[in-house]
Amino acid sequence: MKHQLKIFNSLTGEKEVFVPLHENNVGMYVCGPTVYSNVHLGNVRTFMSFDFIYRTLKFLGYKVRYVRNITDAGHLTDDGDVNNDRFVKQSRLEKLEPMEIVQKYTVDFHKVLEIFNLLPPTIEPTATGHILEQIQLTEKLLKDGFAYESNGSVYFDVLEYNKRGLNYGELSRRNIEELFANTRDLDGQGEKRNPQDFALWKKASPAHIMRWASPWGDGFPGWHLECTVMSTKYLGNQFDIHGGGMDLKFPHHECEIAQGKAGHGESPVRYWMHANMLTMNGQRMSKSTGNYILPMQLITGNNTFFEKPFAPAVIRFCFMQAHYRSVLDISNEAMLAAEKGFNRLMEAMKILNELTTEVIHPTALPITEWKQKCYEALLDDFNSPILIAHLFEAVKWVFQLKNGEEKISVEELNELKMLMNAFVFDVLGLQAEQLAADNNDKLDGVLQLLIDMRMEARANKDWALSDKIRDALLPLGIQLKDGKDGTSYIIN
Ligand code: AMP
Ligand code: ZN
């Protein structure tokens, strides 16, 4: 089947037919985390959106080189001094080396994404591993007149860039004059020719521990430059897809375009993709406002926002029910509804995978049209909620087939099984085992409770109740065994 994938390109504001630079291959870069603290659930949503996009591209037959970086230096809260370096700040707070902070939160990040069944990228570069390349690109920008040195730091000259007709503001659709007029004066601004100029290289103060030698003295790289260097090093000066959260459009991605055009002579990215934000109870999730939840707090139930714990696959299902470009709000109600939907889907998958049929002739179920609709949803800018709606049409068929209300041919049943498994597990990345594991824990809890009640009954010489508990479990395939260490159970 020849597919025509359409992607909403933030640069043009339109859905465009996706034509990769190299046939059947896709180069994709996604801005990774700044590893100075635990990722919150909002961060997870963005990475999961791109995981779904990566899985879909692979499902459609593309060979994908997927680069997602680790920002382990240089992401300042501001353009200012050492006090604004997130790693240095956090290392003081936790009394750890900055590189211990980096290690701690990189490990946490990987662990969290694994819990949610995100596939690892094919390359995961770190900013500190690419200092040399960042110095080299800064030197080139200086040589070509796109940057200037000021007091040991190097800044990108936005006005000069625009003088050459290169259009700073094209992604965020901001007018440079307005930008200049609206910018407040910030610390360190005195070094810049214009407030919109951004740091390519920052001078390190004597107190700054994360520092590298450069032609301009000891310093550290600018955040925007890190992504330019790491994306183009592995994907080429121009590549297919660049993703990140909506909030990175400006200034981060705008600056990446400027650095690419000035440094490499071409616009770096053909399709800019921006994932929308996760909100909780109507407010954007963010560490700074306190309106956030850590993934493990939702999974364990150790939080004040939700009435019960939710399995990672349920959370993933909840996220997949929203299109990546829509705002998604999580609330107790939304999670409970997602859990219901997820459980029904998993129940149907179990029935479907155990279903057999002897009917040879085709039936009324429109499998071919259904398959077409599922593909169309994926091809239309990765529309996961529409795909899920179609999957629930198939869920209805599965229950009808089970109840004998519908019939299906062997070939069609096999096709349905193959497609449903692919969409649910490979493309949406849901995991059935988690439900099973979750249910096993619950079953264990219930059985322990019954064992305790039986012990109590025996202590009270209530033999009738004690026997009733044991005997009632037997037909369910559960055998209680009394030993010298207490009672255990065997499930047949
Ligand atoms: P950071 O580590 O701060 O650079 O953020 C990592 C990623 O999470 C970025 O792509 C952000 O755009 C994204 N992000 C931050 N807050 C949210 C949110 N509330 N919902 C979705 N994505 C977010
Ligand atoms: Zn980036």
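This is a predicted model: local features need pLDDT of at least 70, side-chain atom pairs count only at pLDDT 80 or more; totals for chains, interfaces and linings use all residues.
Residues 24 or more positions apart account for 73% of the contacts in this chain, taking contacts with a separation of 6 or more. All the values I quote are computed from it.

The overall picture, then. The chain has 492 residues, and 52% of those are buried. It contains 16 helices and 15 strands. Along its principal axes, the C-alpha trace spans about 90 × 60 × 35 Å. The chain is divided into domain 1, residues 25-275, domain 2, residues 279-426, and domain 3, residues 438-491. Between the C-alpha centres of domain 1 and domain 3 there are 59 Å.

Now the metal site. Which residues coordinate the zinc ion, ligand 2? They are Cys31 through SG, Cys227 through SG, and His252 through NE2, at 2.0 to 2.1 Å. Along the chain, the donors of that zinc ion have the spacing C-x195-C-x24-H. Cys227 belongs to helix α7, residues 223-235, and His252 to helix α8, residues 249-264; the two residues are 25 residues apart, and the pair links distant parts of the chain.

The axes of α7 and α8 come within 9 Å and cross at roughly 60°. That angle makes α7 and α8 oblique to each other, and their crossing is right-handed. On the α7 side, the residues in the contact are Trp223, His224, Leu225, Cys227, Thr228, Ser231 and Thr232. On the α8 side they are Pro251, His252, Cys255, Glu256, Gln259, Gly260 and His264.

Phe250 and Pro251 are joined by a cis peptide bond, with omega about 0°. For context, most peptide bonds are trans, and most residues other than glycine have a negative phi.

Asn167 sits in the loop between α5, residues 158-163, and α6, residues 176-182. Its relative accessibility is 43%, so Asn167 counts as partly exposed.

Then there is Lys461, with phi near 60°, again positive in a residue other than glycine. Where is Lys461 found? In the loop between α15, residues 433-459, and α16, residues 463-473. Lys461 is exposed, because its relative accessible area is 61%, and the cut-off for exposed is over 50%.

Next, helix packing around α14, which covers residues 410-427. Helix α1, residues 41-59, packs with α14 at an angle of about 140°, and their axes are 10 Å apart. α1 and α14 are therefore oblique to each other. The contact is made by Phe52, Arg55, Thr56 and Phe59 from α1, together with Ala422, Phe423, Phe425, Asp426 and Val427 from α14.

α14 also packs with helix α11, residues 332-354. The axes of α11 and α14 come within 10 Å and cross at roughly 145°, and this crossing is left-handed. From α11, the contact uses Leu345, Met346, Met349, Leu352 and Asn353. From α14, it uses Leu413, Leu416, Lys417, Met420, Asn421, Val424 and Phe425.

Last, Glu191. Glu191 lies in the loop between α6 and β7, the latter being residues 198-203. At 21% relative accessibility, Glu191 counts as partly exposed, because buried would require a value under 20%. Which residues does Glu191 touch, leaving aside those up to four places away in sequence? Tyr148, Ser150, Asn151, Ser153, Tyr155 and Lys202. One of these, Tyr155, is 36 residues from Glu191 along the chain, and their C-alpha atoms are separated by 8.7 Å.

That is what I have on this chain.

Terms used. Residues are numbered from 1 along each chain as its sequence is written. Chains are lettered from A and ligands numbered from 1 in the order in which they are written. Side-chain values use heavy atoms; hydrogens and water are left out. Donors are N, O and S atoms within 2.8 Å of the metal (3.2 Å for Na, K and Ca); water is not among the atoms, so sites may look incomplete. Helices (H or I, at least four residues) and strands (E, at least two) are DSSP runs, numbered from the N terminus. Buried means under 20% relative accessible area, exposed over 50%, partly exposed in between (1.4 Å probe, protein chains only). Domain bounds come from an automatic or database domain assignment. Axes are lines fitted to C-alpha atoms, for helices over the stretch in contact, and angles run from 0 to 180 degrees between N-to-C directions. Angles under 35 degrees count as roughly parallel, over 145 as roughly antiparallel, 65 to 115 as roughly perpendicular and the rest as oblique. A crossing is left-handed if the near helix is turned anticlockwise from the far one by less than a right angle, and right-handed if clockwise. Contact means heavy atoms within 4.5 Å.
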